[in-house]
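Colleague: I am new to this structure and would like to learn how to read its features one at a time. Could you take me through a helix contact and then some charged pairs?

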Amino acid sequence: MNPATALSTVLIDELVRCGVTDVVLAPGSRSAPLALAAHADTRVRLHVRVDERSASYLALGLAKRSERPVALICTSGTAAANFHPAVIEASESGVPLLLLTADRPPELRGTGANQTIDQVKLYGSAVRWFAEVGVPEERPGQVAYWRSLVCRACQRAAGPPDPGPVHLNVAFREPLIPDGDASWCEPLDGDASGAWFRARVAPPSAALHIPPTRRGVLVVGDGAANVRRYVAAAGMAGWPVLSEPNGGGRYGDHAISTYHFLLGDQEWADAHRPDVVVTLGRPGLSRPLLSWLRRAEEHIVVASDLTRWPDPTRSATQVAQAVEIPIAAGGDAWLRAWRHADHVARDAIDAVLDSSGLTEPRLARDLAEVLPNGSLLFCGSSMPIRDLDQAMRPRRGLRLMANRGASGIDGLVSTAVGAALAHNGPAYALIGDLTLLHDQNGLIIGPREPRPDLCLVVVNNDGGGIFSLLPQAALEDPFERVFGTPHGVDFGYLAAASGLPYTLLEDPEELSRAIKGDGLRIVEARTDRGGNAAVHAAMRDAIRAAMRD
């Protein structure tokens, strides 16, 4: 057996032993040993994509939804560089990825050899750990090294306490394909226990106990852990819960879904300053919420890893791995004030949206409401997730996800496909037109590849809608070209080119019918950027008027 085949066989086998079930491959020549080993191992589900960027975001979606490491394979050169955006997102959002980049051997580096770049620590600080595997050789001791290395990589990627991407750079000399000889100088199998190496992680330290308080608030942002436990504790304590849609805490009687608008009313926000705020995950959708956090007297951030805690407002007064929220007597008036204001604001929002026709906030609100229990809703990083944050009512039975680590719009189609493939149930995505155009290659799925049950609901406002809500919109002369970026693409033709079912949604009352179906499909809703900005302003004005009344 040639060394490239031996190493690849052991790497894939040890990945499986460590619990990896999905491998994503972007084909190439130098990665042939890894590709063939993954294809031959029937214990893994192999996904092949023609584009490295789409492949990397597909792996991101699989790992994000399954909460397990996913292996990602590519050849040498710029192929590996195309993984970088997804690696950054995985790092920022704590998603476990195992990057196996094939490379040329050392003697070809720095010589101008074809498809050879410097891949050592290619992703810099965006990975939790990097290892140069080294060119495989037929000598005793290699198998133990390979298996130990893979197990260490899996453990470091999965955490706890700090999951994220890990990079193994694997150099191969030719020959790159099996030579028909099965002999090797030592057994390729692992040890009898089923794993060569298993790290043990110490349990977290004791939880921080908060003194009883009647005026507490729980804030839930992206990537929050143990959400149900904390929401239940907040409910017992009489605390309102301010949860972003992708935080997973927007359900139940304590969920305040209109907090963005309530906290945007300075008078109301000042009158409802809490004694303590407990934050799970990383909030980042609502500027009024972030401004309010900066003024909190006591702000406790819950983070599993005490070396990397989210605090974008620099307002944390304490950081803990766990917190105990005590029950305090007499907190009913505090919660009633929040719930009454939420009820008033919700009626104002719904009145505006119900009379607005097919608008982006209404589409977001209605889509989140009509999806069946057990559904996955993947949200675009720009306006779709913000529309959900501002318009979505509390509900149970819906899993919401978004790439909010670095909040880019790149690779979102592929991420949604990956998440749908890992989800046990129907999946939907609410994305913008530029997001779809940015990752058209995510629609390309070969005939032998696993296919998702995923409906892509695309909001087409012919450009970058979020900029119409930002100060740039006042720059009338350059705005449309350098910020609005109209494209004029007909998504019906784009769907046809990909062989996908397509529906144009023209009436919001037809939403439930439009999204029905199976497999990968596209539903387009055409909106107007100027009209969208007007609807957002109308919601804000209606709430302010209702609160004054």
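Modeller: Let us begin with two helices: the axes of helix H1 (residues 3-17) and helix H2 (residues 32-40) come within 8 Å and cross at roughly 45°. That angle makes H1 oblique to H2, since angles under 35 degrees count as roughly parallel, over 145 as roughly antiparallel, 65 to 115 as roughly perpendicular and the rest as oblique. Axes here are lines fitted to C-alpha atoms, for helices over the stretch in contact, with angles running from 0 to 180 degrees between N-to-C directions, while helices (H or I, at least four residues) and strands (E, at least two) are DSSP runs numbered from the N terminus.

Colleague: Which residues of H1 and H2 make the contact?

Modeller: Contact means heavy atoms within 4.5 Å. On the H1 side the contact is made by Ala4, Ser8, Thr9, Leu11 and Ile12, and on the H2 side by Pro33, Leu34, Ala37 and Ala38.

Colleague: Before we go on, what kind of model is this, and how are residues numbered?

Modeller: This is a predicted model, in which local features need pLDDT of at least 70 and side-chain atom pairs count only at pLDDT 80 or more, whereas totals for chains, interfaces and linings use all residues. Residues are numbered from 1 along each chain as its sequence is written, and side-chain values use heavy atoms, with hydrogens and water left out.

Colleague: How many salt bridges does a search of the whole structure find?

Modeller: Side chains of opposite charge can pair when their charged atoms come close. A salt bridge is a side-chain nitrogen of Lys or Arg within 4 Å of a carboxyl oxygen of Asp or Glu, and the search finds 31 of them. One of them joins Arg147 and Glu14, at 2.5 Å from N to O. Arg147 lies in helix H6 (residues 142-158) and Glu14 in helix H1, so the pair ties together parts that are 133 residues apart in sequence.

Colleague: Are Arg147 and Glu14 buried or exposed?

Modeller: Buried means under 20% relative accessible area, exposed over 50% and partly exposed in between (1.4 Å probe, protein chains only). Arg147, at 1% relative accessibility, counts as buried, and Glu14, at 0%, counts as buried too.

Colleague: What does Glu509 pair with?

Modeller: Glu509 forms a salt bridge with Arg362, their closest N and O atoms being 3.0 Å apart. Glu509 is exposed, with a relative accessible area of 58%, whereas Arg362 is buried, at 8%. Both belong to a network of salt bridges that also links Arg346, Asp350, Asp354, Arg365, Asp366, Glu369 and Arg393.
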